[in-house]
Amino acid sequence: MRTKIKWMLTVLLVASLMLLAACGGQEEGGQGESNKKVTLWAGGSDNVREMFEKQIGYFNANNPDGYEVELQFITSGTGTQNLIDRIIAAKKAGETSTDFDLIELDATSVLQYLAEGGEDLFVPIDTSKVPNMSDLQFEATYRSDLVVPYRGTTVVLAYNSETVPEPPKTAEDMYQWIKDHPGRFAYNTPGSGGAGSSFVVTSVYNDLAAEALTSSDEKWTAEWDPGFKFLEELHPYLYQSGGRVVYPNKNQGSIDLLANKEVDMIPAWADMIISQKREGVIPDSIEIAQIAPSFTGSTVALGIPAFGSNSEGAHAFINYMLTPEAQNIALDSMAAIPVIEFSKLDPELADIISGLEIEEFRINSIGGLGTKLNERWDEEIGTLE
């Protein structure tokens, strides 16, 4: 009798262990029904964080498959490179199931990830799981096979309409305005924010062949000299403090100078100006304008690392980000440029960006040359007295 009871207990114990192992394996493997968590990694300004929090709240409450997205956000200037380093390190260590399920990337980051982590760093996008890609009006700046754009962004000319009733219409007009109004124009250091970087890129590239702006070929560095000489000529006409030219730090640094009326004109991200104006953070007198040729912009995309734990859920969230609901949220919360047909958006929200000529945007996709351009600026322009 005791032997029989002992045998039955043994059978039950083995069965229980097998059941626990099966359940545990299903959760760890990342593709079982119990794996519903999706971790999204993103970074940038606070308006990006707020936008994603709204998107995640809507998605978690409405997706039919019960996925739960969690945001890991890195504030601009506090560790974006650290995130890249962590992801590359995880890949090189051979990790196969991490919480890097989905990451937001700009054009430059895509190239950096692939250069350092290899072509197999990202899962190729399964278009059958992202049917809303059929509504896309813009392709990703780089590698549309590996990342999906969810918003566009561009730099514009921001100005104080009280002191500048007629803003420049062309790049040449803008440069002449800078010289005619010493100390009233500023752009941030290119390494600290994309608005200043766009000003430098366009100033250097405007006189190069059109193809240069979408090429990462090293040959173009040999043609940078005239552009840098021009930036040197502009230097003494820019914003000054304490008797010397000062380049603000970060995109917001330039916006603060404009808002405080210390300057009259700056290059700035369209979404930052529109959002801050709607929120009453900056004066109503601040307006935006496009010049010809325009400053540069790019698409911002989402990619799925190959060593995440929930590719299915990541695809589902990407698909959601291409819905009219998600595009309206991005437009409303941060004046993001939609990537789907405007006719599918809330018309009142679409009016927010009605002054922007989307078809005139220029894509800056010079890859690693952007870093070299910034480094040369630091050495040759940032050190000028």
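Asn47 sits in helix α2, which spans residues 46–62; helices here are DSSP runs of H or I with at least four residues, numbered from the N terminus. The model is a predicted one, so local features need pLDDT of at least 70 and side-chain atom pairs count only at pLDDT 80 or more, while totals for chains, interfaces and linings use all residues. Residues are numbered from 1 along each chain as its sequence is written, and side-chain values use heavy atoms, with hydrogens and water left out.

Back to Asn47: its relative accessible area is 12%, so Asn47 counts as buried (under 20%; exposed is over 50% and partly exposed in between, with a 1.4 Å probe and protein chains only). Leaving aside residues up to four places away in sequence, Asn47 touches Asp271, Ser275 and Met334, where contact means heavy atoms within 4.5 Å.

Next come the helix pairs. Two packed helices are described by the angle between their axes and the distance between the axes. The axes are lines fitted to C-alpha atoms over the stretch in contact, and angles run from 0 to 180 degrees between N-to-C directions. Helix α8 (residues 250–259) packs against helix α9 (residues 270–278) at about 50°, with the axes 11 Å apart. That angle makes α8 oblique to α9 (under 35 degrees is roughly parallel, over 145 roughly antiparallel, 65 to 115 roughly perpendicular, and the rest oblique). On the α8 side, Asn251, Gln252 and Ile255 meet Met272, Ile273 and Gln276 of α9. Sorted by class, this contact has three nonpolar, three polar and no charged residues (Ala, Val, Leu, Ile, Met, Phe, Trp, Tyr, Cys and Pro are nonpolar, Asp, Glu, Lys and Arg charged, and the others, Gly among them, polar).

For helices α5 (residues 171–180) and α6 (residues 194–205), the angle is about 110° and the axes are 12 Å apart. That puts α5 roughly perpendicular to α6. Met174, Tyr175 and Ile178 of α5 meet Phe199, Thr202 and Ser203 of α6, a contact with four nonpolar, two polar and no charged residues.

Some of these residues turn up again in the largest nonpolar core, which has 53 residues; Met174, Ile178 and Phe199 are among those with the most contacts inside it. A nonpolar core is a set of buried Ala, Val, Leu, Ile, Met, Phe, Trp, Tyr and Cys residues joined through side-chain atoms within 4.5 Å. Helix α6 gives this core its largest share, six residues. Apart from this core lies another, of 44 residues, including Ala42, Ala270, Leu322 and Ala330.

Definitions and conventions. Helices (H or I, at least four residues) and strands (E, at least two) are DSSP runs, numbered from the N terminus.
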